[in-house]
Amino acid sequence: MRKKISIIGGGFVGATAAHWCAVKELGDIVLVDVLEGMPQGKALDLLQAGPVEGYDLNILGSNSYEDTAGSDIVVVTAGLPRKPGMTREDLVQTNGNIVRQVMENVTKHSPDAIVILVTNPLDTMVYLAKKVSGMPRERIIGQAGILDSARMRAFIAMELNVSVENTHAFVLGGHGDEMVPLPRYSTVAGIPITELLPADRIAAIVERTRKGGGEIVALLKQGSAFFAPSASTVQMVEAIIKDRKQILPCCVHLDGEYGLHDICFGVPVKLGSSGVEQIMEITLTDEEREAMQRSAALIRSSMAALEM
Ligand code: APR
């Protein structure tokens with residue numbers, strides 16, 4: 001039997017995630033949005049691409065959570081994207097209200113689902129979703145680190161003129177300006193970039209990675225990035241549905257790991273059919289550990305803005 005994937009929020013990120021899920025034939029898809037007609041129209045359009053692309057899936061657009069009942073995976077993209085000049089934290093109140101309402105419905109209709117959050121400010125929204133739903137941390141996961149690492153990988157590939165497939169990058173911490181790119185753990189064909197690039201070029205790549213989302217917001221002038229965010233989200237969906245045991249940087253609730261307590265934070269995890277199956281603790285230098293603490297402090301200030 002095919003898996004059921006519900007995507008809440010049928011905007012740029014949600015609809016593009018539905019597209020990647022369909023092309024990869026990961027499961028039947030339900031696209032939900034508050035706007036009447038929009039998810040229905042996009043779902044029908046995507047269904048009609050099936051004969052051309054060769055996927056046989058049920059793809060449904062809806063304004064009702066009843067259609068999402070019994071989902072295996074729920075992806076939450078509902079919420080406002082930022083505008084030029086805004087930080088992700090500026091969205092905390094508006095998107096907090098939306099995520100709260102979405103999670104009440106998800107818990108009611110798909111209590112056993114694995115939930116992947118994409119709405120920003122990501123780390124705070126994952127914490128809120130966990131609190132509202134009462135779901136165990138294995139099943140409430142945020143997408144950010146794959147995207148931030150993908151941006152860093154793209155910049156490394158551009159810098160060295162090598163295939164993106166040869167690149168690997170680790171970006172941990174919160175999904176904000178204090179994210180923690182780790183050059184020591186970032187490699188090209190297994191060789192750390194610290195052996196391939198001078199310090200000033202690495203610093204430039206780290207800086208562009210940190211500002212990667214803002215660079216796109218400034219160019220678009222309306223809305224924020226969606227191709228890479230949705231592709232990154234669907235990598236998580238695929239790892240779970242195919243029980244790949246894939247190690248990916250994801251946002252998860254920490255209970256002492258990395259010296260952090262009761263916070264949702266980006267760390268390497270093993271993703272499989274149960275969701276987060278293991279949290280990997282890698283060794284960090286004092287400097288890297290301090291950077292993780294700075295990133296955590298930024299998230300805590302965003303968390304404090306919400307009454308949870
Ligand atoms: N329930 C369902 N859908 C909702 C709700 C709600 N309560 N509130 C808003 N939405 C829908 C909007 O109608 C819109 O179609 O969420 C959708 C968001 O889509 P976009 O505005 O296109 O935003 P998008 O670029 O997809 O980003 C969504 O992901 O990456 C993050 O920062 C980004 O928080 C933002 C989110």
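The shell around the ligand divides into twelve nonpolar, eight polar and one charged residue. Here Ala, Val, Leu, Ile, Met, Phe, Trp, Tyr, Cys and Pro count as nonpolar, Asp, Glu, Lys and Arg as charged, and the others, Gly among them, as polar. The model is predicted: local features need pLDDT of at least 70, side-chain atom pairs pLDDT 80 or more, while totals for chains, interfaces and linings use all residues. Residues are numbered from 1 along each chain as its sequence is written, and side-chain values use heavy atoms, without hydrogens and water.

In total, 21 residues surround the ligand, each with a heavy atom within 4 Å of it. The closest are F12, V13, D33, Q101 and N120. Helix α4 (92–109) gives the most to the shell, three residues. Helices are DSSP runs (H or I, at least four residues), numbered from the N terminus.

A polar side-chain atom of N120 lies 2.9 Å from a ligand oxygen, and one of N95 lies 3.5 Å from a ligand oxygen. Taken alone, the ligand exposes 730 Å², and the protein buries 88% of that. Accessible areas come from the Shrake-Rupley method with a 1.4 Å probe.

Key:
A polar contact is a pair of N or O atoms within 3.5 Å; within protein, one must be able to donate a hydrogen and the other to accept it, and residues adjacent in sequence count only if both atoms are side-chain atoms. Helices (H or I, at least four residues) and strands (E, at least two) are DSSP runs, numbered from the N terminus.
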